[in-house]
Structure formats: structure tokens, C-alpha cells
Amino acid sequence: MDPQSAPELSTGASPLPLGTVAVVGLGTMGTGITEVLTRAGRQVIGIDTDPAAARRAVTALAEATARAVRRERITERERQEVLARFRTSGEVRAAADADLVIEVVPEDYALKRQVITALDAVVRPDAILATGTNALSVTRLAADSRHPERVLGVHFFNPAPAMKLVEVVSSVLTAPAAVAAVTELARALGKDPIAVGDRPGFVADGLLFGYLNQAAAMYESKYATREDIDAAMRLGCGLPMGPLALLDLIGVDTARTVLEAMYAQSHDRLHAPAPILGQLAEAGLTGRKSGRGFYTYRAPGTAAVVPDAASPAGDGGPGADGRPVRRVGVAGSGTMASGIAEVFATAGFTVVLAARGAEKAARAKDRIARSLDRSVAKGRLTREARDTALSAITPAGSLDAFADVDLAVEAVAEELTVKQRLFGTLDEVCKPGAVLATTTSSLPVIALARATARPQDVIGMHFFNPAPAMKLVEVVRTVLTADAAHATVRAVCATLRKHPVDCGDRAGFIVNALLFPYLNNAVKMVQEHYASPDDIDAAMKLGGGYPMGPFELLDAVGLDVSLAIERVLHAEFRDPGLAPAPLLEHLVAAGCLGRKTGRGFREHARR
């Protein structure tokens, strides 16, 4: 572009054409961004002081485009054109003709400042300077530039060729024309840009790293094993990776650096790096890249996990023998109770489904029949298996029908006094040796155990909704739960083809203790007018691979349910960062509870 005809950044006119882009720093991210740009028709100048890094970038682009040819996504001629659009240099002055410069050097403020200062001296006045930081202050970097109006953040996600999200980060100094130009470029690259302001972690990492930090702290406290924490979040939330495996992929040292930067700006205790991150980083146990982090890997840089001293023996179950379970009682008539009864019946157990009255129990069985019919229609179940499962369920109008059950599972309203009364009744009705399980997601299991004269037989068995589809069960031991009761429930989970994870009796267990602070922080972002629910949902789905955005999930779970869980977490851990966001409390007070009322964070069609 001719400098004489270049539009001024301050005009706010149509987006600037960004045909030539310099990428400073040819590590993994810089190389990925280079591939995205060259394949989209941009001329790219790759700059790195390390000649080996430049050679690796050229090789990586050659290999990526060769794979594209083999998969018939591009022709060989197109591949050669892509390769011709990329050249490398070891000098910053090679960026002199660039319309846009993207720096992706390591996450160190002094180093990034040095790069921005050097670029100030060589690029055209109308060129845009973008930092690829994911945690440092864009405003601070812009203020150190001679032309702060042209400095912004452009945060790609790894791997850049595959990930659709790009966060375009402006400071109070950034010219609107620069934001518009980079946003338009991101769209031209086939990405989904969201425009955000300058705050720690922006949207995606601002939510993600707090969650990862809490998972590390949970593991450090020995509350649950690394395998159980990761399995709980994959199976309970549908996440592509567990948090500890993801920390190993990101790099423990990188995560610690990002959290340090976030904490320096936010002073939120949830961002204060868990000590274990520092311990692992100082020991050189930085994750996959070093061959060991939270897990041990076959070789540095590989994804294959190998057993180590912390690996569970066998199936991870207790040494005690469980008790035989053939007949199961399920207390409740709602969606969860019906789903749990269906799970047990289809697994071959004889089930007694007890509700407050025979009519409610019969309606619950009818609900199960409809669910089984849907499974038959979808080819998941044969008609014969459907009939066998349904005939295994006996509806009952009182808990007296539990006299002969080997395992009683309650799934009634999430109210402590209601559940305590029920457990008192189970204690009177159930035979000696029967295991009494609660499906509570937030109440203390020990409070229910103490309502009986057999607390050693009481345990948490937290199914997830919908129970027939969700594979996870959190098995919650109190300080009084006997090994035999624990072994019984784990064996039952195996028969049900569910994945049990062990945890202690504290608020939220594994999943809710990690999930709901993340949801609460998302609400705070909206409350502070930092980003919209749509942008935040897009960021977490596109940047984190989440199956649902936080606001989709909040509306589905119910804002009243979410608020109740967040209050329990805050009361248990007393951390100010866990206090429910006022916006959530206000919506609940207004009766805006999500899908079930037709309005929550979004409008929904009433059913």
C-alpha cells in the first residue's frame, strides 16, 4: 500500500486494507497465525531472531499445505502460491512495509515492550501494531508506544488454523479504525471475532484460567485424584479435556505466568496461582512439553500418558468387599428420580419407585415408559429390552415398599429438612445392611447420615441429568461412611455402566465446585458491561470447545438452582470471589429463571 494514500487511523472511516502482515515470534502460535494468513491470501513476513525458529516455521507451513493437498482441500498450484507468500527475516526492520504487525513473543512484559518500541521506529505511521498477549495489559503496552492509537490486542487460540475465535482487544487509547480493520481481517480469515476491552484474560482466558486454577488447588488439597477431577469435568460437563490435562497441554509454567498477570490486575484470590503450579514449574515439570506435569508422558511433546506413582491401582476402588445388590428403591417422582429408576431397570435391577402417593408413582412410571419408547424409536433399545425394563419397575405410594431393598436412592426436593425426614424414614423401613444413598448436588451428606442410626451406611450418589444419558456419578463419602458401603456403590456404578469418581463431603463436590464459580464469573462480566452473553457464549464454545456457553447453561439449569448452589459454595468456602453476582440475584428475584419461565439471560419460548 502506498504510504501517501494510506487513510488515517483516527478518521473512523472504512476498515483499512491489511494485505501485508508481519508476524514477530515464530513459535507455535506465530507459526499457526502465519499459516492462517498465507492461506487467506495475505503476504506474510515472519520475524524471529532465532534462525532455527524461522526454519521450523517454513517447514511447518510446507507440511501443513502438503497435507491439505493430499486431502484435496487445495491444489498443488495453490500450495505453491501459499508458500510464495511467506518470507522470513531475523530483523524487526523487515516489518517496514507491513500494514499490520502481530507480535507473539513469550508472555513477558519487558520483552513485548521491547518489540513494540522497536517496531515504532520502523513501521509506517498508519500501520497497526497488535499484541498477541492473553493476559498482559494491552493499555500498558499501548501507552509505551509513540502511537498508542494504533496498538491493540489480537488474541488467536491454539491451534490457530483450527480455532475459530479471535478476541480483538482495544484499550481506551485505540482508534476505532484500527479495531474495525483487524475485525474485518479476522472475518476474512474465516474466524469469528469478538471485540472486548482490556482486562485480565479478556473473555475466554479470563473465565478459563480461574477454573483451571481452582482445579489445580482441588488436586493439591488431595480432595480428589487427578483422574477423577478430569473425568468429572469431561463426563459431567461434556468438556473436551479435563482441567489438569489441559494445564499440561497449555504448559504449567505458561498457566502460572498468565494467572500471575491476571492476579496482578484483578487481585481476585481465584486468580492467585495455586502453589502446586509454582512447585511444578520450578521443578521443570511443565506438562507435555517436558514429558511430565500433572501427568507423566511417554516422551516430551507427546500426548500419550504413562502410569506413574500417582496412578490408581486397578479400577481405583476400595479394598473392602461390597454388599450384593439386586433390589433397588428409588424415592421421588420427578425427572431425576424417573431417570435413575430407568437406569437401574435397564441394567437388570428390580426397582421399587416410591412417591408421595400411588398416583404420583404411576405417573413417574408412565414417564419412564415414554423415555424407553424414545430409546426404542432411536434404535438404542429393543422392544423386548424395553418391556423387560418396564416390568422390573414397581410403583409404590410410600416408603414402606423399601423394606427389602439392598440399596435405597433418594431423589427428592433439594431441601435439607425434607431429605432429613426422608432418611429418618428410610432408617426405620430399610433392612439392616441396606445402603442409603442421596443424589444431592449441594447439601452436606453427613447431615443426612446423622438423621439415621446407621451413618456408616449413608453415602452420596450424585447422578447427572439426564441420568440415562450422563455417564458420571460422583460417589461422596462422609467421615463416617463404611468401606463396604463405598465398595457397594462403586460396584453398582460398574453394573450401570456409569463412571464413578470419588470425592469427599464438601459443597459442590467436584463438578459444581469447579463449574459454578466459572458461571458466576461470566455473569460478573455481563454485569460490568464488559461483554454480552452472546459474545461470552461464543468465546467459550469457539475458544474453549465447550458444548454450551455459560449463559446457555445457566438458562438451562435454572437461575434459581444456580443461585442456590453458588450461595452454598460461598457459605462453605467463605471466599469473596465466590459471592453470587448481584445480577444473578436480581434476575431470580424478578422471576426470570431461564427456560422454565421463558426468560433468563435470554428470551425463550414457553413450553
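A salt bridge is a side-chain nitrogen of Lys or Arg within 4 Å of a carboxyl oxygen of Asp or Glu. I searched the whole structure for such pairs and noted 34 salt bridges.

I kept in mind that this is a predicted model, in which local features need pLDDT of at least 70 and side-chain atom pairs count only at pLDDT 80 or more, while totals for chains, interfaces and linings use all residues. Residues are numbered from 1 along each chain as its sequence is written, and side-chain values use heavy atoms, with hydrogens and water left out.

**Entry: helix 3.** I looked up arginine 79 and found its side chain in a salt bridge with that of glutamate 76, at 3.3 Å from N to O. Both residues lie in helix 3 (residues 76-84), three residues apart, about one turn of the helix; helices here are DSSP runs of H or I with at least four residues, numbered from the N terminus. An α-helix has 3.6 residues a turn, so residues three or four places apart point the same way. Arginine 79 is buried at 14% relative accessible area, whereas glutamate 76 is partly exposed at 39% (buried means under 20%, exposed over 50%, partly exposed in between, with a 1.4 Å probe and protein chains only).

**Entry: helix 13.** I then turned to arginine 363, which forms a salt bridge with glutamate 359, their closest N and O atoms being 3.0 Å apart. Both sit in helix 13 (residues 358-377), four residues apart. Arginine 363 is partly exposed at 44%, and glutamate 359 is exposed at 59%.

Methods: Helix = DSSP H or I, 4+ residues; strand = E, 2+ residues; numbered from the N terminus.
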